[in-house]
Amino acid sequence: AGERERRSLEPLLSLPIPRSALVLGKFLAALLFGTLGVVLATGTMVVAMDLTPLELLGVRVVLTAPAALALLGILLPLVPVAAALQLLVASGATSFKEAQTWLSMTLFLPMMPGMIMTVRPVNPQDWMAAVPGLAQQVLSGKVLRGDGLNMLDIGLACGSSAAITLVALLLLTVLYDKERILKRG
């Protein structure tokens, strides 16, 4: 979105590279920063939970080193989905400010299942593992309670994330192939 405002999108698109390479480069940059964010957030959560006397509050949390790694494994499949969808949303914005507005609204979407489940707890169902955001909420809860994860949950979470990421990247490549992406600003 900012590339349109700075008028750097047209020179970028005029380079003799496939649009898929351009999309992949943008995606990998977003993926790198997203992954770093998840690793740092998970690491600080582990330290904070270790220092907080949750037992005094009546909260039972099992956070061993393998559980922390399992949490990281649960959260990381959400990073490519977020990166691809954010790139897709930003590509439709006409200005940097508009992109920020839309992206802040899209950040709210994956938080909704967690907020709803806080108010109205539900029993985890198998289909929930196929919904990015909801899957991470349900599976993280299982890990923190000390419950085991099964391969179906992991496969559904990773598979649905991969499918959504692929579709978003393909749509983004199609958008970048069309000249009208330059006329949106």
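A crossing of two helices is called left-handed if the near helix is turned anticlockwise from the far one by less than a right angle, and right-handed if clockwise. Keep that picture in mind, for helix 5 passes helix 8 in a left-handed crossing. The model you are looking at is a predicted one.

## The whole chain

Let us start with the overall view. The chain has eight helices and zero strands, so its pattern, read along the sequence, is α-α-α-α-α-α-α-α. Along its principal axes, the C-alpha trace spans about 60 × 30 × 30 Å. The chain has 185 residues, and 30% of them count as buried. Now consider the contacts with a separation of 6 or more: 72% of them are between residues 24 or more positions apart.

## Two pairs of helices

Back to helix 5 and helix 8. Their axes come within 8 Å and cross at roughly 25°. Helix 5 is therefore roughly parallel to helix 8, because an angle under 35 degrees counts as roughly parallel. On the helix 5 side, the contact is made by Pro-80, Val-81, Ala-84, Leu-85, Leu-87, Leu-88 and Ser-91. On the helix 8 side, the residues include Ser-161, Ile-164, Leu-169, Leu-172 and Tyr-176.

How do helix 3 and helix 4 pack, and at what angle? Their axes are 10 Å apart, and the angle is about 150°. That makes helix 3 roughly antiparallel to helix 4, because angles over 145 degrees fall in that class. The crossing of helix 3 and helix 4 is right-handed. Here Val-38, Val-39, Thr-42, Met-45 and Val-46 of helix 3 meet Ala-68, Leu-71, Leu-72 and Leu-75 of helix 4.

## The nonpolar cores

In soluble globular proteins, nonpolar side chains tend to be buried together. In this model, the largest nonpolar core has 16 residues. Which of them touch the most other members? They are Leu-13, Val-23, Phe-27, Ala-84, Leu-169, Leu-172 and Tyr-176. Helix 2 (9-13), helix 3 (19-51), helix 5 (78-91) and helix 8 each supply at least two residues of this core. Helix 3 gives the most, with five residues. Apart from this core lies another, of seven residues, among them Ala-67, Ala-135, Val-143 and Ala-157.

Leaving aside neighbours within four places in sequence, Leu-169 is in contact with Val-23, Phe-27 and Ala-84. Leu-169 and Leu-22 are 147 residues apart along the chain, yet their C-alpha atoms are separated by 11 Å.

Is Ser-160 buried or exposed? Ser-160 is buried, with a relative accessible area of 14%. A polar atom of its side chain lies 3.0 Å from the backbone oxygen of Ala-130. Not counting residues up to four places away in sequence, Ser-160 touches Ala-129, Ala-130, Val-131 and Pro-132.

Asp-153 is buried too, with a relative accessible area of 2%. Which side chain does the side chain of Asp-153 join in a polar contact of 2.7 Å? The partner is Lys-142. Beyond residues up to four places away in sequence, Asp-153 touches Asp-126, Ala-129, Leu-139 and Lys-142.

## A residue in helix 6

For another setting, look at Met-115, which is found in helix 6 (residues 96-119). Met-115 is partly exposed, because its relative accessible area of 39% falls between the limits of 20% for buried and 50% for exposed. Met-115 and Gln-137 are 22 residues apart in sequence, and their C-alpha atoms are 9.9 Å apart in space.

Here are the relative accessible areas of the residues discussed above.

| Residue | Relative accessible area |
|---|---|
| Ser-160 | 14% |
| Asp-153 | 2% |
| Met-115 | 39% |

Definitions and conventions. Residues are numbered from 1 along each chain as its sequence is written. This is a predicted model: local features need pLDDT of at least 70, side-chain atom pairs count only at pLDDT 80 or more; totals for chains, interfaces and linings use all residues. Side-chain values use heavy atoms; hydrogens and water are left out. Buried means under 20% relative accessible area, exposed over 50%, partly exposed in between (1.4 Å probe, protein chains only). A polar contact is a pair of N or O atoms within 3.5 Å; within protein, one must be able to donate a hydrogen and the other to accept it, and residues adjacent in sequence count only if both atoms are side-chain atoms. Contact means heavy atoms within 4.5 Å. A nonpolar core is a set of buried Ala, Val, Leu, Ile, Met, Phe, Trp, Tyr and Cys residues joined through side-chain atoms within 4.5 Å. Helices (H or I, at least four residues) and strands (E, at least two) are DSSP runs, numbered from the N terminus. Axes are lines fitted to C-alpha atoms, for helices over the stretch in contact, and angles run from 0 to 180 degrees between N-to-C directions. Angles under 35 degrees count as roughly parallel, over 145 as roughly antiparallel, 65 to 115 as roughly perpendicular and the rest as oblique.
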